[in-house]
Amino acid sequence: MNTTAFTPRPLTADTFAERWQPRPDATQKVRGELRYPTDELDWPGLLHGRILRSALPHARLLGIDVERARTLPGVHAVVTAADIPGTNNYGIVFRDQPVFCTDHVRFLGDALAAVAADTPEIAAHALSLIEVRYAELPVVNDPSAALADGAPALHPNGNLLDSSLIEHGDVEAAFAACAFVVEGHYRTPRQMHVFMETEGGVVVPDEIGGLTFRVGCQSAHRDREQLASILGLPPDKVRVIGLATGGGFGGKDELTMQPAAGLLALRTGRPIRIHFDRRESTIAGIKRHPVELVARTGCDAQGRILAHQLHAVLDTGAYATLGPAVLTNLTDHAAAPLYRIPNIRVSGQLVHTNNGVAGAFRGFGGNQATFAVESQLDRLAHAAGLHPAELRRRNLRTPQDPGVEGQTQQQPCDPRLLLDAALQSPLWASASSTDDSRWVTGVGMAMGAQGNGLGNGLPDAGGARLTLTDDGRIELAFGFIEYGQGVIAAIRNLACDYLHCAPEDLDIRLGDSSGPDSGPTSASRSSIIAVEALRRLQPQWRALLTSLAPPATPGLQPGPGGLRDQSGELVISYPQLAGAGTPVTLNVHFDFPTGPDATPRGRYLQLLIATVAHVAVDRLTGRIRVERLHHITAGGRVIHPPSYRGQIEGAAIMGMGMTLLEDVPMQDGQYLLDNLDAYLIPTLADAPEQQVDVIEGILGGESYPVRGIGELGIEAISPAITAAIENAIGVRPERLPVEPTTLLAAMQELHP
Amino acid sequence: MNDVFFTLHFTVNGQEQTLEVPAARRLLDILRLDLGLTGPKEGCSIGRCGACSVVVDGDSVPACLLLACQVQGRTVKTIEGLREDPLCEHISAALVNAGALQCGYCTPGIVSSLTAALRHNPAADVAELEQALHGNLCRCTGYNGLRQAIAELAT
């Protein structure tokens, strides 16, 4: 075992100088040359589409009259549910969301009709001419109202969409044996993704009745299947190209503008562009689930945690989308995957309301649960008179322990390595709380665990295609979407590692449903699929290339530029090999790695983080400033250092936003804000300095040496910040985002 | 719908333009839809995100907030016009090397703001450059790469 691989190492341009190259798309982006989906403006005959949304959050739909809109000059088509040739529904888990409502509207983002017009202005005007008749229904405001007797049902099966339970041991008996028991009630906000490029793109009809979608999305193949079903077209007449897009974070995982734009393109035979403005994105777009979590945790006199109970209620809004999968991941994390606890009862309920739609969002329920669990750990440490780190040390799992669902796991390392590194952080020394200053500082830490892949035995396949083109380019195709995370940089670097080519030999093709299906670009799964694909392709690729070379040249190996002999001399270039005539295309398709268990449960490939936060609290206003962050990660080998670092830092600041600023408040199904004037995300002025230290080793990790780290940085940030606030002022926030006024009141109570 | 058209004369990326447009047409729509310059991006339409920032007579401003009648006779530079400028190339290189961009949708606006700031004051310090970016939001990076690029660019 290489012990240095298990020593945390600062991730900087200096320490990782060898691998610190720019991402392949950086120059194009910084020069403003990349064509985003919403930049597809120059299609001949392009029409602008707009979608009519419901005026009420909950109503019976009595009728829609589109005649005045249809006859407005400049309008080319108006479509409603009656114009859908296929099935009027979609949804990744259950197809319960209508493309256009027919008789029941369940939230303000519900679509009723769409128009295509010569200009966006005419399209907007046409929407105002559509007459809709509603019969108002009582609004289901929150999960408790939704579950009350006699509550209006949003769906035929009622308002409880799903529930989840993880239980082992006997919690009640264990609590009776505990020396210390603590209880907490936590709440997390309805966070908005705020990708800078809102949902959009263009749909282009072809001469044979097919459509090509050039859009911002996260899964070209899955979207094609859903769209073909809606449009009543065979899948081979629908092509989805997921162009590099301005952010995703889970919010483009579900269909957005595609069904309406597809229907308008079919109807008019012309290219249709739809780009949600920020208001429409707010109203119709998916959000992070707001969650109420009630937790009870107890330990014996020695600080061994004996029992942990948690109940979570998630406001999933009007439709399912990925809510059921979020619930499972949330309960997995709520069962305290970092700690060995003999008696557990964790339950969750996923409840329909008229409050928008909640679904996939970086962290996927895990970070909400980790906020509650890590807060409970600190509370329990205080009750037991132990340092929070000591309580953790006494209860952390070993890498050999099974996961919370009893599953075999591949842990990167002993989590105590991260705990030790976090305790040695320079941030602890920087806390200097002086009682007479206006700003009081504090330091806190939290830990997080996460698994890669879709998990829980869900179908999770991926693949790739590798081609030596006619002109000697190495073309490597995956179905993944580049939405900023840097999958293109990871694939380039991995391809150079496994195929031994130079970056200049390589063309990377992404996100095309006519290419290989790699599965969705989600669940931090892309890097692992990429490594698996290249590992499987490597020997076949070498064999095929050498078979193309002249027979008299043995011992050739793929290298930069072409095949090289044992001394490294270039013998035959890739263009020369391609000139030999035989086209070389290799395809791989395989399942995402799962453990050796007979019934796969939970997630096999695990990763870890510890986050240390240094904050300052203004005693006059209650305002919080995060001064510095220090992360220690165990997420496998660093494939592309700037992307790794950028993912950890970006996720942390997104989590900081959720902790201190971000929420979409709703009242009676109405959004109380709809743009970035009132919904504040962190700016440069809010962003702290960050340090990322990485543990690259993985125990027994020759088989799976990398992890997907896109969600890791958001895992532990919220409880680290609230622990630091508690360290500063003695008040532990339990509701996010932390309200300065609440802190002020609590401080006044503590120090009247 | 009943827009008043007028004749707009202005300079875009060094070229004089004459357009018949509604007086209240947004500069952003003129650039993107009428002139095909898609470097400036639309993010919020209310001047908060800075993705549409362009340089107008030397200042970086959100193009979604300026109307046609407000740019009469003025000089506009979008990323398409800025990118060949050596100062802009210097800024771009700093951003690229620091890993200061991910999805890149906010980047043309950031480049516009930094270019304007360094044109105003080639000796701008870190605080001044950070001030210049107060109107530019980035959702991907957490800004740490941007901080490093600024440290590189500041004197």
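**Chains A and B at a glance**

Chain A carries 19 helices and 31 strands (DSSP runs numbered from the N terminus, with H or I over at least four residues for helices and E over at least two for strands). Its radius of gyration is 27 Å, close to the 27 Å that the globule rule gives for 752 residues, so chain A is as compact as a globular protein of that length (radius over C-alpha atoms; the rule is 2.2 Å times the number of residues to the power 0.38). Keep in mind that this is a predicted model: local features need pLDDT of at least 70 and side-chain atom pairs count only at pLDDT 80 or more, while totals for chains, interfaces and linings use all residues. Residues are numbered from 1 along each chain as its sequence is written, with chains lettered from A and ligands numbered from 1 in the order in which they are written.

**Chain A overall**

- The C-alpha trace of chain A spans about 80 × 75 × 50 Å along its principal axes.
- Of the 752 residues in chain A, 59% are buried (20 or more other C-beta atoms within 10 Å of a residue's own, with C-beta atoms placed from the backbone).

**A helix pair in chain A**

- Helices α10 (residues 366-384) and α11 (residues 388-395) of chain A have axes that come within 8 Å and cross at roughly 105° (axes are lines fitted to C-alpha atoms over the stretch in contact, and angles run from 0 to 180 degrees between N-to-C directions).
- That makes α10(A) and α11(A) roughly perpendicular to each other (the label covers 65 to 115 degrees).
- On the α10(A) side, the contact uses A:Leu377, A:Asp378, A:Leu380, A:Ala381 and A:Ala384, and on the α11(A) side A:Pro388, A:Leu391 and A:Arg392 (contact means C-beta atoms, placed from the backbone, within 7 Å).

**Where chain B meets chain A**

- 43 residues of chain B are in contact with 43 residues of chain A.
- On the chain B side, the elements giving two or more residues are α1 (27-34), α2 (79-82), α3 (86-98), α4 (107-120) and α6 (144-153).
- α3(B) gives the most to that side, with four residues.

**Inside chain B**

- Chain B is split into domain 1 (5-77) and domain 2 (82-153), with bounds from an automatic or database domain assignment.
- The C-alpha centres of these two domains of chain B lie 21 Å apart.
- 14 residues of domain 1 of chain B are in contact with 14 residues of domain 2 of chain B.
- On the domain 1 side, β3 (53-56) and β4 (59-62) of chain B each give two or more residues, and β3(B) has the largest share, three residues.

How values were computed: Buried ≥ 20, exposed ≤ 12 C-beta atoms within 10 Å, placed from the backbone. Contact = placed C-beta atoms within 7 Å. Parallel < 35°, antiparallel > 145°, perpendicular 65-115°, else oblique.
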